[in-house]
Amino acid sequence: MLATLRRIVQEVNSARDLTSALDIIVQRVRGAMGTEVCSVYLLDPDSTRYVLMATEGLNKAAVGVVSMGTNEGLIGYVGAREEPVNLEDAASHPRFRYFAETGEERFASFLGVPIIHHRRVMGVLVVQQKERRQFDEGEEAFLVTMSAQLAGVIAHAEATGSIRGLGWGGEVVQDTRFDAVPGAPGVAIGQAVVILPPADLKAVPDKTVTDIQAEIDLFRDAVAAVRSDMQALSVKLSPQLRPEELALFDVYQMMLDDAALGNEVREVINRGQWAQGALRDVVTAHVTRFELMDDPYLRERASDVKDLGRRILAYLQEAGRQERVFPDQTILVSEELSPVMLGEVPKEKLVGLVSVLGSGSSHVAILARAMGVPTVMGALDLPYTRMDGLELIVDGNHGEVYCNPSAELRRHYLELISEERELVQGLEQLRDVPCVTPDGHRMPLLVNTGLLADVARSLDRGAEGVGLYRTEVPFMIKDRFPSEKEQQATYREQLEAFHPLPVTMRTLDIGGDKALTYFPIKEDNPFLGWRGIRVTLDHPEIFLVQTRAMLKASQGLNNLRIMLPMISSPFEVEEAQHLIHRAYSEVLDEGVDVPMPPVGVMIEVPAAVYQARELIQLVDFLSVGTNDLTQYLLAVDRNNPRVADLYHSMHPAVLQALIRVSAACREAGKPMSVCGEMAGDPAAAVLLMAMGCDVLSMNATNLPRVKWLLRQITLSDAKALLDEVIELDNPHLVQATLHLALRNMGLGRVLSQGR
């Protein structure tokens with residue numbers, strides 16, 4: 001049964017539209033279970049009615065016609081119960097409703113299971129039979145498993161992505177919202193330009209063309225180029241391969257013949273599809289057929305067809321590359337954005353970024369924040385291949401994308417953009433004034449940086465130094481480990497740019513969601529794996545080179561501070577300190593005269609919270625990375641939009657952890673800073689100040705907002721607010737209470753707008 005299930009899901013994933021996907025499901029499930037009827041009813045999000053979308057066994061004319069409300073019939077009953085309903089005699093059930101159009105009165109037994117994705121009922125999967133009997137446990141379990149798989153397919157696959165954002169006919173509907181992960185703050189309205197990964201057939205979007213002959217010519221030229229490649233490869237490898245192995249190239253050549261792929265692709269082009277889309281459709285259909293065959297040899301041919309399709313597509317993409325025109329308000333959309341893609345768009349035309357994959361800490365997100373481009377990452381439900389040319393709204397503050405916005409929604413966001421512009425202009429006058437509360441409490445505001453591009457934005461906003469310099473960023477943009485001299489030059493630029501203000505450099509923090517292509521770390525659970533200080537202690541040669549580069553870069557400036565990431569025990573700090581002192585001695589031996597810089601520890605894991613008193617005795621300061629600390633305390637991946645609602649930095653557990661760290665620092669008479677995203681949230685900054693946090697470090701964009709709010713509220717009022725919310729047990733209630741209190745004090749203008 002597992003093999004059957006896998007095949008059904010594979011077929012459904014290969015379907016090109018909602019209708020064909022559902023038809024496959026009802027046909028295959030009916031066959032697998034040996035029932036007389038299988039039907040799928042989907043909940044139309046607009047009418048909130050269950051619509052019969054596919055059936056095998058009922059009257060086909062009823063598809064798209066028969067519908068019922070959420071409180072009607074057995075279908076509504078299954079949806080309301082959110083669990084299977086297994087009936088021996090369906091017609092005798094009080095909730096049974098007869099539809100003459102379906103002809104279902106002759107079917108007695110009924111098994112319906114809800115299709116649920118992310119707590120939302122999306123539809124009902126039903127099987128029926130003439131004989132009166134209850135379906136057994138095995139049959140019920142199979143249908144439940146099928147519906148769970150189907151829910152994921154409906155939500156994610158192109159074939160059925162229409163349930164979330166595409167109309168029942170496949171068109172993108174107005175005001176459809178897709179949730180994602182905030183990448184870079186701000187709001188943008190513009191036109192989607194979909195960038196495809198090279199030679200990825202699955203990522204090819206639909207595109208209607210009028211010049212049919214031009215597309216046919218492109219396809220013919222691409223096939224000719226691949227033919228030439230195959231011949232050249234065959235000649236090159238002939239001395240190394242046996243004749244039977246070389247025959248593979250003959251197979252490829254036959255596949256390229258008109259009688260194989262060629263004629264089918266041209267037929268699809270003649271219907272108005274561009275060459276890339278036609279190739280995708282034909283290759284996908286052939287691959288699906290091969291993969292479903294029982295013969296192992298024939299199943300292997302699927303990979304040959306895929307390879308051939310990718311080769312042809314590469315030439316088609318190369319031919320079309322020069323034709324790309326970027327509109328004035330370009331929103332770049334891709335399955336996985338890369339820095340190279342950003343570089344292709346003229347700077348003055350790029351207004352927003354949307355990436356289906358990736359996280360808020362990816363290189364692209366860091367680059368986008370440095371450039372000030374509103375960005376969302378991890379938009380997993382976005383049917384991005386169908387969005388080229390559509391108008392989008394990108395809300396980088398909340399991690400949302402709106403497709404095809406209505407005039408009303410557009411007007412609302414234009415007002416937000418206008419208000420944002422006015423607010424930024426109004427806050428610019430605060431650049432040169434210190435952050436001091438009305439009752440005289442001084443709160444230094446620093447910035448988080450990773451690129452040289454961050455420097456100008458940070459200084460323009462009145463940053464008082466760098467609370468977190470991500471040294472891994474220079475490593476991420478190279479194809480090898482940077483040398484000591486290269487690192488020294490990079491660090492020197494940062495230290496000079498902010499001199500005499502302090503610059504806190506975090507030692508190399510890779511692993512988790514921060515990867516180096518030339519130093520791959522493959523793990524099942526990377527966030528609980530080899531990352532941060534664990535990597536560099538295991539590779540002292542990397543740690544020592546980096547530390548020496550930092551120390552040498554600080555010569556004559558003396559504004560360096562070193563910070564250790566992902567510390568989970570005092571022993572790790574002692575090991576790191578030993579290496580730092582060794583590097584320091586080596587630098588002094590080379591004749592470089594520098595003082596020993598302050599060394600601190602990042603508090604990012606729960607173990608460090610509970611050992612804060614011991615850790616602060618070993619170092620000069622503690623700095624809380626609230627992003628990782630929150631995800632570890634709550635066991636929530638902060639870059640996973642599926643559980644984004646559970647990630648909340650104002651969770652009572654997070655607040656209590658921060659209070660505990662602050663108390664440890666106060667007892668030791670040493671400073672505590674916060675360098676996570678929480679520090680850049682003006683409302684959260686009020687609580688952090690009340691807890692006794694000595695320094696806040698944030699994204700440069702948010703610094704003026706935080707400064708404005710802290711200059712308006714007294715420390716005593718902040719402490720009163722902390723006392724009020726610390727008793728609450730719900731993070732959303734904490735935030736709502738805090739925001740309401742600040743608005744009642746007339747301080748709401750810099751608070752983020754709620755969803």
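Across the whole structure, a search finds three aromatic pairs, where rings of Phe, Tyr and Trp (its six-membered ring) pair if their centres lie within 6.5 Å, with planes under 30 degrees apart counted as stacked, over 60 as edge-to-face and the rest as tilted. This is a predicted model, in which local features need pLDDT of at least 70 and side-chain atom pairs count only at pLDDT 80 or more, while totals for chains, interfaces and linings use all residues. Residues are numbered from 1 along each chain as its sequence is written, and side-chain values use heavy atoms, with hydrogens and water left out.

Two of the pairs are tabulated here.

| Pair | Centre to centre | Angle between planes | Class |
|---|---|---|---|
| Tyr-402 and Tyr-413 | 5.6 Å | 50° | tilted |
| Phe-475 and Phe-481 | 6.1 Å | 75° | edge-to-face |

Tyr-402 is buried at 12% relative accessible area and Tyr-413 is buried at 5%, buried meaning under 20%, exposed over 50% and partly exposed in between (1.4 Å probe, protein chains only). Phe-475 is buried at 1%, whereas Phe-481 is partly exposed at 29%.

A charge sits over a ring if NZ of Lys or CZ of Arg is within 6 Å of the ring centre and within 35 degrees of the ring normal. The charged end of Lys-207 lies over the ring of Trp-274, 4.4 Å from its centre, and that of Arg-749 over the ring of Trp-708, 4.9 Å from its centre.
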